[in-house]
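I opened the model today to look at how its chains meet, and I kept these notes as I went. The entries below follow the order in which I looked things up.

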Amino acid sequence: MAKLFIFGIGGTGSRVIKSLSMILASGVSLGDNIDEIVPIIIDVDKGNEDLTRTIEILKNYEAIHSKVASNANYKGFFQTKQTNLYPISGNEYRLTIQDVQGKTFGQYIDYQTQTGAQKDLTNLLFSGNQDDKGKPKPLLDMDMAIGFQGNPKLGCVVLNQFKGNNDFDTFAANFVQGDRIFIISSIHGGTGAAGFPLLLKNLRNADVPTPNSALLRSAIIGAITVLPYFQLKDGDIKSADFISKTKAALQYYLKNVNPSLNSMYYIGSGSNTHNYENNKGGTAQKNDAHFVEFAGAMSIVDFALQSDIMIASQGNRFLEFGIDDFTNGIDFSVLGNASNGIIKKPLIQYHFFKMYLDYQLRKSINCQPWSNRGKVKITKDFINPTSGFYQILDSFNKRFGEWVNEMALNDPHFTPFNQDAHLLNSISNNPPKDSFMNFWKTNYSLFDDYLNAAERNIGNTTAELKFIELFNKATSNLFTQRYN
Amino acid sequence: MKVFRLQDGTKSSLKQDKDWFVSAEYTTNEIIAIPDPDGGKGNEPTSIPSPFARMDLANTAFRYVNDLGDDAGYMYQKIVSDCLDIAEIFFNFHIFQADIKIIEWDKTTDIQKLLNTNTSEHIKLAETLKMYLENKEDANAFNFNQVQKIYLIKYKHHIIGGTSPLTLFFNTANDLAWTDIIFSNGDKAFDTAILPLNQRVEDFQIWLYGMRCSFSNFAGTFRELSAYMDKNLAILQTQNNSLFNQINNLDSASYNHTTYDVIGNGLTSINGLPIFQSRQLSGTIPIVSDFEIATTKYKGLRKPLALQHGHKGITMNAKPMRYFNAPYIQTTNVPYHDDRQISNRTLPGLSNVVYPYLTVSDFLEPYLIRTIYPINKEKFFDGNYKKGSYKEDKGFILPLKKTFFEYFDISDLQKNINGRPMFQFESLASGTTTATLRIPIVNGNYIEFKREYQKFEDDGSNKTPDLNLNEGVIVENQFGLGLFPCIRFEADENPEYRIALIDRDISPMTLSNTYNLEYYQQNDTTRSVPITDVKRRNKKNAQEVETNFYILKSNFDFIELAINNAYRGIVIPIFSEKSRTKQFTFAVDFGTTNTHVEYSVDGVNQPFNINSNDIQIAKLHSNDIFVTGEIRSTFDHDLVPEIIEPDGQYSFPMRTVLSESNTANYDLSVFPLADVSIPFIYERDALKHYNTSITNLKWSSDKKNSKQVELFLDNLLLLIRNKVILNGGKLSDTKIVWFYPASMLEIRFNRFRQIWESLFLKNIGTNVANLVAMSESVAPFYYYRSTQNATRDVVSIDIGGGTTDIIIFEGTTPTLLTSFRFAADAIFGDGYGSDSNRNGFVQEFKDEIINVLTKNGLEDLYKAYNSIEPRKRSTDIIAFFFSLANNKDVKNKNIQIHFEKMLEQCDKYKIVFILFFASIIYHLATIMKAKNMAMPRYLTFSGTGSKTLQILTPDNSTLESFTKLIFEKIFHEKYDSNGLTLIFNSQNPKEATCKGGICSPISQSYESIDNIKGTLIGIDTNSFANKNTKYNNITSSDLGSIVSETRKFIEFVFSLNEEFSFSNKFGAAAGNLDLVKTLCLKDIKKNLQDGLDKKHEELKQIDSNQPIEETLFFYPLTGILNSLVHEINKQK
């Protein structure tokens, strides 16, 4: 069994990893090739809210997973193992980029003390300005604490810290034969666009003293490059530049990146995109989740599902993502069969799970048999403490809810669930098969029936696992019997 | 189906499918297919994750432009255009090198240096750069593995770009709008306009395509650039076929250092591909400009462009004109002046294109000098002046700079270009005057250099020209200028010029003005023609003009006039350039009182003249209007009048007189027509106060005399040579006949001959055989022989002012010549040591004459008299009186002051003339009798003094009878029936000598004349002087004999009255003859002694121990006649 190291670079990296966490939380399986993911976030912008949210989600996921998936045969919510390589508090999951805080690019390369031809070359290579509150600011004077603001040529210098970087060496030391690497980045930004090729070069050109350098050089590497899928409102970063930048970068990738990859996933969205608030970074950078990020997360699943043999035989694979045409929004009805095959059931299950927790749990707990029965009971004591498993789950689910809502409101709308409908009617374009048979029952009574039934099949285990398994089984049966 | 991609699904070749499906790599086509909603108008994309992103971006830009052409985003087109600008700057390195610096970055050593700094930041940067340079993918993609060095280019200390292994050149991302680089086609580098390769300077295109030809894998290495070049070449095929062919004919050897120059120590791009620069402009590299000045004269390497401010850039036929390898841009800001040397200039509107060009200020002066008179168009180029509606009569000095003549000749200046004058002046009613200079440029077009000169302000407001605005200023100056002569001399003619500058800037505003003249030949304006000397005859003050005379002995073409070293202009004389074919002969009778010059050409003899066709003095001012007197008169006074002709204001014969400037210094050089001149105005006007008249030149014993005589004759010869040349005469064929009196000592004759010879060599030619010396006595004979049939047995008597020369022909052979200093001056002069206060004639007539002059307003003449009179030289005063008869002013007043007639009608002085005439005939007859000669058949009279015969009686037969009587008395025999014939030239007896000389211009040696010379000593009637008869040997007994001989003569004369009544025949006053006789007999010895003393005084200058050169007979008579006149006058 093998690990999948997932490098999420920059804001897009964080957001796709977040989507991946949601998908994995719902119980999507990465198949036989991968049984563990190792998310590694590379972002110089420490204060980025997207990053903060993702880290929180990852931590919560891992906490939940550790409670429920102690058994290797566990299937269901949070089944995929996730590892944090960097246990230092405050830096979890993050490969630390040094010397960027409070520095301009010029200071980072100590431009002032450069002399002669080198200084002139620096001047030429890093010429140009960045818009700073309506005024041009030389690139050399740019503050890097908030990223590279669409200047990957700066990023590739600053981020070139892998060689000899402790965090990178930790990663390398953990890399064993059979492990794979996946890199997430956006093409038009700063950090991702710079970090991706640079990381790739460091992997492909890894050498002693980097641990396992030979393995890294020949590792199976996949990547998703996220092309523009949203437009910023007028502001510092000119969205007009996105396309130009994208095209220039794609061209660069042709020779400098693509040959080094086993699988390249392209995704973007050309039109009908929502205008985002334009923030360069920091706490203000909090972008609503988007279907493209969801699809991006799906690429990781796709990558994980490919066997080594298949990857080796196909050479460089270049993949794109498609769905059926849609009018008002995207739901399961327009997703392809393969996608639905992977995602539909787990996501609906998790949706029901969360609905129940949100609307019914407090009514049924201590009342329904699934709560009161058996050796391990799930009582109000399970959900009431201010800290503990349930609170972590609750936090995670809040993020899940946010994620779903944001994607629904984003453009294009991703609305697999109808939040306004009753539970059983809340799967968009997918009413339950035999609703008439239980018309006398409320939706949640039926859900409780499924939970009670499931309770009978759960053996002696922890409250946390029992709780999750109740829902794994109930939602599975509910989906299988009424929606499949 | 909806695939999440940027490409429009319908337009993309990419597959449509669902889920994550295997599609295809986004290669160039797929990338290009991504629609760009902003059309690439935004900022330059910065998303290439490499420190060398800028190089890649340039490459990307070329690719986009290649694939999409004009549909490529503006940003990409701009990058391509800017990269080409960088390339073009490398190409033009030498043009911009003052502002640019090329820095070499070596990928090995410079990175090592960075690593060596031990600064962690530097090391990190170095490692990153190294990784990108060495990493396989990047190295291949950027060709880093084929290049060692990158050259960075700085303009005005800022990096603007560099060389790239991808696109050869790339530009900075920084905004370069601040730069001011303009290429030779007017294209401004880095501006917002896109300029594709095919529209760039052709030489640059050839360079780039040549580079491509020279490098075998160019297309593979610089793939996108090369593809771009292909596309541009295809465009050239239809739009510039000649360049297309030129480029297609390039081969691998076209790009090398025989055609191009290396930059610095040599730059190389990939695999040693050299980056050359264009060859620095030299004469061998032609540029194609429609503004190139059309001149065959200019000797510089490159013909400058003539650029006119505000030119429309089209020809007269509205065809667009090429400026410098490219069309002229109308907005090109051509300045009105450029302070830099022409060779250091850079073309306006372009950066650092060092190429010569000319602008209006190179040819036109800031000031325009206005004259107070119109220019004399006959003699000077007046600039085609059009008075327009301007009401004043003015003229202008050409405000041309002499630079003009580096390109054009004077003949060009006077021509028309396309039917319009090359140069033109035009005044407006306000006085503002425009000078227009049309400069021919190639293809038959011209450029107009125009400058408006603001009107002259009388208030003295200090207007100054503003060259930036092309505003000139008129200055008005009062001056006269005269050129003598207006001739261009040929090789064998020693040029001899005088230029008179009369500075009349004497108002308080202008008194301090200084003038300077420089002379130039139009083929070398760098050096002025040497000025032999400048003579200032008078220095100016608030009342008086200043006169300066430039002496030049070289030909020149124009004069540069400078006032205060600030106002300048060019004066262009219209020189006479006749071919020299005719033969002239001149005879110069340099007489004591008068001098006559006669010349012959084409078989016609006439007195020397200057008429309107051969004016020698070219005055700048036109005679059309009145010019202030001082300017006008100075030429006549100090140089020469315009016109000299019989019956004119001035004529020959004229008084023998020299006008000498008070500043003349004989210790230094003294020049005729500068320090001294022949004052033709003499006896017509007072000389200027700074001049002194010198008369009595011929016999003066003054120390300066010899030099003065030379100057006088030199002046005459200058007039003569000019006369010859102006009338198409050949100077070297010109003959000059000069005359000497028989009474002249040999030593004096030799001195004269030397003067004549040196002057002849200087002024006329080297063939001294053409210089003919003749005896004054012989010449008239030739004249009368040919005109009066006096062919045989002739006695020719030439009575001048100072000497009387007699030659006796027996048959046709001259057998005896005698000469004595007894002539008109003996009557009219001051005897021995007297002056005009004691001169009876002067005292008798001066009041009457002055009265007539003043009454008739003849002020000039009155002034002339007043200038002559104070020196108390009676001969001068009497000469003045005589001159009035022929004075034009007098004639014009229709009045008569005929001194000869006044004398004729005044009977009391008749006896003086009788004595004078009788003494000469008596002496002649005595000699002939002593020599046993027959009585003469003809007596011919010539010389100014022969006019006294007319005073004696207008009746020729009376005189003949009287003469016959004297001969018969001396010879004691009677004339036969043929009698004696007296022949006169009553009108102008002086001319006979010259005319005779011209009739037979054969030299007579002093010896041949000396051999027949016979001098009756005067002590008796038959003793002739020989070589031993020296002045020092005269004894007191000799003196006594002379006195008795004189007494004998006086008795003889008065005895004639009994047979030939003086009162009846001559109208002499009858009453006083006895008294006269008494006076004549008085003081004979004293007068003789005075005469001898005077002779000794003269001889002191030479050698007093000389044989006597004349009879002593007349010595007492000179004194007697003077006293007699005085006494007669007293007895009124």
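Entry 1, a charged pair. I began with the side chains of A:Asp120 and B:Lys154, which meet in a salt bridge at 3.1 Å, N to O; by salt bridge I mean a side-chain nitrogen of Lys or Arg within 4 Å of a carboxyl oxygen of Asp or Glu. Between chain A and chain B I find a count of five salt bridges.

I am working on a predicted model, in which local features need pLDDT of at least 70 and side-chain atom pairs count only at pLDDT 80 or more, while totals for chains, interfaces and linings use all residues. Residues are numbered from 1 along each chain as its sequence is written, chains are lettered from A and ligands numbered from 1 in the order in which they are written, and side-chain values use heavy atoms, with hydrogens and water left out.

I noted 88 residues of chain A in contact with 77 residues of chain B, where contact means heavy atoms within 4.5 Å. The area buried between the two chains is about 6,900 Å², and carbon and sulfur atoms give 60% of that area; buried area is the accessible area (1.4 Å probe) that two parts lose on being put together, summed over both. On the side of chain A, the residues that lose the most area to chain B are A:Leu124, A:Lys247 and A:Glu320, together 12% of what that side buries.

I located B:Gln1004 in the loop between helix H28 (991-999) and helix H29 (1006-1011) of chain B, helices being DSSP runs (H or I, at least four residues) numbered from the N terminus. B:Gln1004 is buried, with a relative accessible area of 11%, the term buried standing for under 20% relative accessible area (1.4 Å probe, protein chains only). The side chain of B:Gln1004 reaches the backbone nitrogen of B:Ser775 at 2.8 Å. Leaving aside residues up to four places away in sequence, I list among the residues that B:Gln1004 touches B:Tyr740, B:Met774, B:Tyr782 and B:Ile1009.

Methods: Helix = DSSP H or I, 4+ residues; strand = E, 2+ residues; numbered from the N terminus. Buried < 20%, exposed > 50% of the residue type's maximum accessible area, 1.4 Å probe, protein only. Polar contact = N/O pair within 3.5 Å; in protein donor to acceptor, adjacent residues only side chain to side chain.
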